[in-house]
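User: Hi! Could you walk me through the packing in this one?

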Amino acid sequence: SLGFSLWISGASTLLSALGALPVALWLNGRRGQSQQKETLALNWNLAFPHLVWAVALLLFLSQSGMLARLAAFFGWVQTPAYFPVLVRDRLGFGIILSYVTKEIPFLALIVLAVLRSQPENYAVVAENLGANRWQRLRYITLPQVLPALTAGSLLVFAYVFSAYEVPAVLGVRYPRALPVLALDFFTNPDLSSRAEGMAISFLIAIIVILLAVISIRQNKSIGET
């Protein structure tokens with residue numbers, strides 16, 4: 001369960017960070033247009049709780065969901081049971097998909113706020129000095145946004161690692177994420193199992209506190225720079 005939790009947390013955080021950066025760069029390149037319309041989709045996504053988003057993915061992507069039934073209706077698969085397993089899989093791809101689609105807008109807004117607070121003179125000077133687009137991205141843009149993106153990614157990792165609802169909805173019986181396993185021990189009629197649940201909860205708390213300390217130090221370094 002610890003390995004599974006680290007896997008879904010690490011993969012979700014990495015993919016969210018990699019997806020948020022190009023989204024923020026694309027939106028930042030459209031400064032002349034209405035900023036409210038540009039960020040509407042990001043804010044709209046953040047309005048949905050993680051539990052609601054996970055249930056929606058389950059209704060659409062499960063083997064008995066809407067997409068599977070449409071595929072069977074159009075003859076793409078013989079029956080909905082032959083539809084590929086996209087959620088509730090042993091590798092946690094459904095859980096990762098849920099978190100990535102939720103956390104990309106969150107991180108993109110963080111990066112976008114940093115980009116729009118920076119003057120454009122740096123990129124203009126670099127372009128006048130002969131820097132191409134890749135060099136401007138590597139030497140100008142990334143150093144500006146990397147501290148904020150790193151701090152936001154640490155928060156995402158801590159949240160995903162300690163969250164219960166999405167792994168409970170989109171996960172399988174084995175392997176289970178640590179929060180799901182801890183609650184199972186707490187609700188077990190055998191009272192001796194609660195000690196194991198407390199130990200798992202303590203492990204989750206230690207890891208999350210460690211990440212919070214790293215994030216605070218990262219934020220302090222951002223403020224100093």
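Analyst: Happy to; we can go through the aromatic pairs, a helix contact and the nonpolar cores. Keep in mind that this is a predicted model.

User: Rings first, then. How many aromatic pairs are there?

Analyst: The count comes to six aromatic pairs. One of them joins Trp 44 and Phe 48, with 5.1 Å centre to centre and 75 degrees between the planes. That pair is edge-to-face, because the angle is over 60 degrees.

User: Is Phe 48 buried, exposed or partly exposed?

Analyst: Phe 48 is partly exposed, because its relative accessibility is 29%, which falls between the 20% and 50% cut-offs.

User: Which residues are in a cluster with Phe 48?

Analyst: Ring pairs link Phe 48 with Trp 44 and Trp 53 in a cluster.

User: And what about Phe 157 and Phe 161, stacked or edge-to-face?

Analyst: Phe 157 and Phe 161 are stacked, at 6.2 Å centre to centre and 10 degrees between the planes. Both Phe 157 and Phe 161 are buried.

User: How far apart are Phe 157 and Phe 161 along helix H8?

Analyst: They are four residues apart in H8, which spans residues 133-162, so about one helical turn separates Phe 157 from Phe 161.

User: Switching to helices: at what angle do H4 and H5 pack?

Analyst: Helix H4 (residues 50-61) and helix H5 (residues 66-73) pack at about 15 degrees, and their axes are 4 Å apart. H4 and H5 are therefore roughly parallel to each other, as the cut-off for that is under 35 degrees.

User: Which residues meet there?

Analyst: On the H4 side they are Leu 59, Phe 60 and Leu 61, and these meet Met 66, Leu 67 and Ala 68 of H5. By class, this contact has six nonpolar residues, no polar ones and no charged ones.

User: Nice. Now the largest nonpolar core: which residues touch the most other members?

Analyst: Those are Ile 95, Val 111 and Leu 170, in a core of 37 residues. At least two residues each come from helix H1 (2-28), H4, helix H6 (93-117), H8 and helix H9 (165-170). H6 gives the largest share, 11 residues.

User: What is Val 111 in contact with, leaving aside its neighbours within four places in sequence?

Analyst: Val 111 is then in contact with Leu 21, Ala 24, Val 145 and Leu 149.

User: What does the second core include?

Analyst: The second core is separate and has 12 residues, among them Leu 154, Ala 158, Ile 200 and Ile 207.

How values were computed
Residues are numbered from 1 along each chain as its sequence is written. This is a predicted model: local features need pLDDT of at least 70, side-chain atom pairs count only at pLDDT 80 or more; totals for chains, interfaces and linings use all residues. Side-chain values use heavy atoms; hydrogens and water are left out. Rings of Phe, Tyr and Trp (its six-membered ring) pair if their centres lie within 6.5 Å; planes under 30 degrees apart count as stacked, over 60 as edge-to-face and the rest as tilted. Buried means under 20% relative accessible area, exposed over 50%, partly exposed in between (1.4 Å probe, protein chains only). Axes are lines fitted to C-alpha atoms, for helices over the stretch in contact, and angles run from 0 to 180 degrees between N-to-C directions. Angles under 35 degrees count as roughly parallel, over 145 as roughly antiparallel, 65 to 115 as roughly perpendicular and the rest as oblique. Contact means heavy atoms within 4.5 Å. Ala, Val, Leu, Ile, Met, Phe, Trp, Tyr, Cys and Pro count as nonpolar, Asp, Glu, Lys and Arg as charged, and the others, Gly among them, as polar. A nonpolar core is a set of buried Ala, Val, Leu, Ile, Met, Phe, Trp, Tyr and Cys residues joined through side-chain atoms within 4.5 Å.
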